[in-house]
Amino acid sequence: RPFEIVFDLDPPSRASFSLAVKAALELHRIFAGFDIVSFPKLSGSKGIQIHIPIADRRFTYSETRLFTAFIANYLVDQFPDDFTIERFKKNRGNKLYIDYVQHAEGKTLICPYSTRGKEDATVATPLFWDEVNEKLKLETFNIPFVLDRLTKIKCPMEGFFEQNNDSLTKIISIIKEKSNEYS
């Protein structure tokens, strides 16, 4: 049973990073409307990952998959020119891939504060939501910058494991009920 739900926002290139910012902000807006606490994190490569804690591991991966699929499909429906859930890179064009499939048993994601094997030594850095905006630059968050940042501010993911996100229970229950109606 997962202790978190994660959305991996994967733009076609670093040059399209603004699509990751747009998707992250849309997810934040949706989650705030559902009273869901979420935490953004730079992937350290070219995108952003959004983490939603589940304090008591009350859901199975298949239950959380219903939620991630629902949200990803909703975003694609709202912004079909910007986002896709197409798994094959060759079929995505210049759209951001909302990878909700990566959130599954046995799948891995980069951990917070992990360095990446990139030329500019970028780090998978947790962010505060107010940092996720059009001024955000992935390349700023390299090893020296992040080390200095950690001496000046608290970790944006502080309190992560104390978040219950109780509203997920009702949301997942409704999605489950609706998906059974159409099965």
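These questions and answers walk through a predicted model, from its sheet to its helices and a few single residues.

Q: What is the strand order of the open sheet?
A: The sheet is open and has 5 strands. Its pairing is mixed. The order is 2-3-1-5-4.

Q: Which strands are the edge strands of this sheet?
A: An edge strand here pairs on one side only. That holds for strand 2 and strand 4.

Q: How many bridges pair strand 1 with strand 3, and in which sense do they run?
A: Strand 1 covers residues 4–10. Glutamate 4 has proline 53 in strand 3 as its bridge partner. The pairing of strand 1 and strand 3 is antiparallel, over 6 bridges.

Q: Which residue in strand 5 stands opposite aspartate 10?
A: Strand 5 spans residues 96–99. Strand 1 and strand 5 pair in the antiparallel sense over 3 bridges. Opposite aspartate 10 stands tyrosine 97.

Q: Which residue of strand 3 stands opposite lysine 41?
A: Strand 2 (residues 39–42) runs antiparallel to strand 3. The two are joined by 4 bridges. Lysine 41 stands opposite glutamine 49.

Q: Which residue takes a positive phi in the hairpin of strand 2 and strand 3?
A: The hairpin has 5 residues between its strands. The phi in question is near 85°. The residue is glycine 44.

Q: Why is strand 3 described as largely enclosed by the rest of the structure?
A: Side chains in a regular strand alternate between the two faces of the sheet. In strand 3, Ile48, Ile50 and Ile52 lie on one side, and Gln49, His51 and Pro53 on the other. Both faces are covered. Strand 3 is largely enclosed because its buried residues number 6 of the 6.

Q: How many residues of strand 1 are buried?
A: Glu4, Val6, Asp8 and Asp10 point one way from strand 1. Ile5, Phe7 and Leu9 point the other way. Both sets are buried. The count for strand 1 is 7 of its 7 residues.

Q: At what angle to strand 1 does helix 2 run?
A: Helix 2 spans residues 61–78. This helix lies across strand 1, strand 3, strand 4 and strand 5. Relative to strand 1, helix 2 runs at about 30°.

Q: Are helix 2 and helix 4 roughly parallel or roughly perpendicular to each other?
A: Two packed helices are described by the angle and the distance between their axes. The axes of helix 2 and helix 4 (residues 167–181) come within 9 Å. They cross at roughly 85°. The two helices are therefore roughly perpendicular.

Q: How many nonpolar residues does the contact of helix 2 with helix 4 have?
A: Helix 2 brings Glu63, Thr64, Leu66, Phe67 and Phe70. Helix 4 meets them with Leu168, Ile171, Ile172, Ile175, Lys176 and Ser179. By class, this contact has 2 polar residues, 2 charged residues and, for nonpolar ones, 7.

Q: Which side chain makes a polar contact with the side chain of glutamate 63?
A: Glutamate 63 sits in helix 2. It counts as buried because its relative accessibility is 15%, under the 20% cut-off. Glutamate 63 touches residues including Arg1, Arg58 and Ile172. Its side chain makes a polar contact, at 2.6 Å, with that of lysine 176.

Q: Which backbone nitrogen lies 3.0 Å from a polar atom of the side chain of threonine 84?
A: Threonine 84 is in strand 4 (residues 83–84). This residue is buried, with a relative accessible area of 11%. Its contacts include Val76, Arg92 and Tyr97. The backbone nitrogen 3.0 Å from its side-chain polar atom belongs to glutamate 86.

Q: How far apart in space are valine 146 and threonine 122, C-alpha to C-alpha?
A: Valine 146 is in helix 3 (residues 143–152). Valine 146 is buried, at 4% relative accessible area, and touches residues including Tyr113, Val123 and Phe141. Threonine 122 is 24 residues away in sequence. In space, the C-alpha separation is 8.8 Å.

Notes: Residues numbered from 1 in each chain as written. Predicted model: local features only at pLDDT ≥ 70, side-chain atom pairs only at ≥ 80, totals over all residues. Heavy atoms only, no water. Buried < 20%, exposed > 50% of the residue type's maximum accessible area, 1.4 Å probe, protein only. Polar contact = N/O pair within 3.5 Å; in protein donor to acceptor, adjacent residues only side chain to side chain. Contact = heavy atoms within 4.5 Å. Axes fitted to C-alpha atoms, helices over the stretch in contact; angles between N-to-C directions. Parallel < 35°, antiparallel > 145°, perpendicular 65-115°, else oblique. Nonpolar A, V, L, I, M, F, W, Y, C, P; charged D, E, K, R; others polar. Pairing = 2+ DSSP bridges. Lists of a residue's contacts leave out its neighbours within four places in sequence.
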